[in-house]
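Here is a short briefing on the structure shown below. Please keep the sequence and the 3D view open while reading.

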Amino acid sequence: MASSPRSVWKEWLAAHGPRLLLFARGWSNCQQDAEDLVQEAVMRLWNHQADKGGRPPDLPFAFSTIRFCGLNHYRTETRRRKREESIIYLNDFEDVWLDPVMEDDEDATALRDAVQRLSPKLREVVVMKSWGGLTFAQISETLAISPNTAASRYRYALEQLAQELRQLKGGRDATA
Amino acid sequence: MPQPESIETMLSRLMPVAFSEEGQRSMDAMLDELCGGEPEAPPEAVTTISAGGVKKNLWKFAIPPAGIAAATALAFFHPDQTPEAAPSAIAPSAAVDPGVVVLGESERIEMLKDEGWLADPHGAVMQAARARVVGEDTMRDEETGIVFCVSERREELILNPITSF
């Protein structure tokens with residue numbers, strides 16, 4: 001028994017879409033841009049996988065493709081921005097990358113904001129490790145860095161997040 | 001003071017945001033287009049039936065008023081087969097609620113399309129045909145006496161080995 005490529009790809013997207021979207025957010029100004037980026041990556045992946053039986057790709061390769069598309073967009077965007085210096089991009093305050101599972105959790109919300117503020121290099125490792133479930137070896141292949149570098153970036157990112165939360169708690173205690 | 005381990009636990013409580021409705025629609029439309037332009041039928045099982053099991057099912061689908069074209073096409077794939085009786089099982093299936101009686105079941109082919117030749121994983125040449133089958137179950141709710149019909153569409157890729165050219 002086999003499913004049609006359409007069903008297989010839709011199931012694959014249902015399973016991995018949100019984490020791909022989260023990764024794409026690192027290359028986008030808003031959710032809509034990120035969705036466009038994922039869509040473009042999926043189209044490239046579709047064409048690429050056609051010679052390989054038409055099956056959806058491994059997750060590391062999907063991350064890699066999104067990164068490639070993101071870099072392309074970044075270059076285009078940078079050129080465009082130079083032409084139109086007057087445009088200022090503002091993020092919608094409700095336009096969040098991650099949803100805290102538990103509502104009214106100040107720490108979770110603060111952590112979400114802290115993840116968004118991480119530098120792109122650190123953030124992409126955290127996203128691939130925490131939500132993509134990739135190993136450091138897979139991350140290293142995706143980013144063309146050594147596994148040790150991937151692990152170091154991850155550790156450094158966690159420390160940075162922990163520090164941000166400490167500062168936030170310190171601030172809360174001071175005002176209480 | 002949050003430790004890296006506890007930060008990892010906290011991170012796991014954050015869930016990536018899903019696609020927006022518009023984004024999902026756009027993505028589905030793109031996949032539909034990549035698959036040949038036809039939108040996918042509502043929840044359906046896509047089944048591949050190879051060789052042996054095909055013959056029975058083919059005739060089962062050919063019996064109901066599926067149209068002469070479908071029957072002709074099926075005969076092309078299995079000229080040596082004799083039709084079997086149309087399925088009209090009355091016994092309720094295991095999935096049916098005890099208070100519901102199955103009055104009748106039928107299946108018809110809505111569309112049959114020749115997909116040409118395909119090679120199976122072992123390299124054997126197969127004649128492929130894609131059939132869109134609509135299964136309809138007529139049921140009656142014992143409590144209210146209401147008779148209702150449940151229909152399900154599914155797509156089947158029928159593979160038949162080519163033994164002579």
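A:Glu35 sits in helix α2 of chain A. The model is predicted. With 23 other C-beta atoms within 10 Å, A:Glu35 is buried, because 20 or more is the cut-off.

**Around A:Glu35**
- A:Glu35 touches A:Leu21, B:Phe19, B:Ser20 and B:Gly23, leaving aside residues up to four places away in sequence.
- A:Ala24 is 11 residues from A:Glu35 in sequence. In space, the C-alpha atoms of A:Glu35 and A:Ala24 are 7.6 Å apart.

**Helices α1 and α2 of chain A**
- Two packed helices are described by the angle between their axes and the distance between the axes.
- Helix α1 of chain A covers residues 5-25, and helix α2 of chain A covers residues 31-50.
- The two axes come within 8 Å and cross at roughly 115 degrees.
- α1(A) and α2(A) are therefore roughly perpendicular to each other.
- The crossing of α1(A) past α2(A) is right-handed.
- On the α1(A) side, the contact is made by A:Leu20, A:Leu21, A:Ala24 and A:Arg25. On the α2(A) side, it is made by A:Ala34, A:Glu35, A:Leu37 and A:Val38.
- By type, the residues of this contact are 6 nonpolar, no polar and 2 charged.

**A loop residue in chain A**
- A:Ala144 has a positive phi of about 55 degrees, although it is not a glycine.
- A:Ala144 lies in the loop between α6 (136-143) and α7 (147-175) of chain A.
- Is A:Ala144 buried or exposed? A:Ala144 counts as exposed, because 8 C-beta neighbours lie inside 10 Å.

**Chain B**
- Chain B has 4 helices and 5 strands.
- Along the sequence, the pattern of chain B is α-β-α-β-α-α-β-β-β.
- Chain B has 165 residues, of which 17% count as buried.
- Take the contacts in chain B between residues at least 6 apart in sequence: 59% of them join residues at least 24 apart.

**Confidence in chain A**
- Chain A has a mean pLDDT of 83, and 84% of its residues reach 70 or more.
- Confidence in chain A is highest in α6(A), at 93. It is lowest in strand β1 (residues 98-100) of chain A, at a mean of 65.
- Over residues 86-93 of chain A, the pLDDT is below 50. This stretch has 4 contacts in the model beyond near neighbours in sequence.
- Where pLDDT is low, the predicted coordinates should not be read in detail.

Key. Residues are numbered from 1 along each chain as its sequence is written. Chains are lettered from A and ligands numbered from 1 in the order in which they are written. This is a predicted model: local features need pLDDT of at least 70, side-chain atom pairs count only at pLDDT 80 or more; totals for chains, interfaces and linings use all residues. Axes are lines fitted to C-alpha atoms, for helices over the stretch in contact, and angles run from 0 to 180 degrees between N-to-C directions. Helices (H or I, at least four residues) and strands (E, at least two) are DSSP runs, numbered from the N terminus. Angles under 35 degrees count as roughly parallel, over 145 as roughly antiparallel, 65 to 115 as roughly perpendicular and the rest as oblique. A crossing is left-handed if the near helix is turned anticlockwise from the far one by less than a right angle, and right-handed if clockwise. Two residues are in contact if their C-beta atoms, placed from the backbone, lie within 7 Å. Ala, Val, Leu, Ile, Met, Phe, Trp, Tyr, Cys and Pro count as nonpolar, Asp, Glu, Lys and Arg as charged, and the others, Gly among them, as polar. A residue is buried if 20 or more other C-beta atoms lie within 10 Å of its own, exposed if 12 or fewer, and partly exposed in between; C-beta atoms are placed from the backbone. pLDDT is the predictor's confidence in each residue, from 0 to 100.
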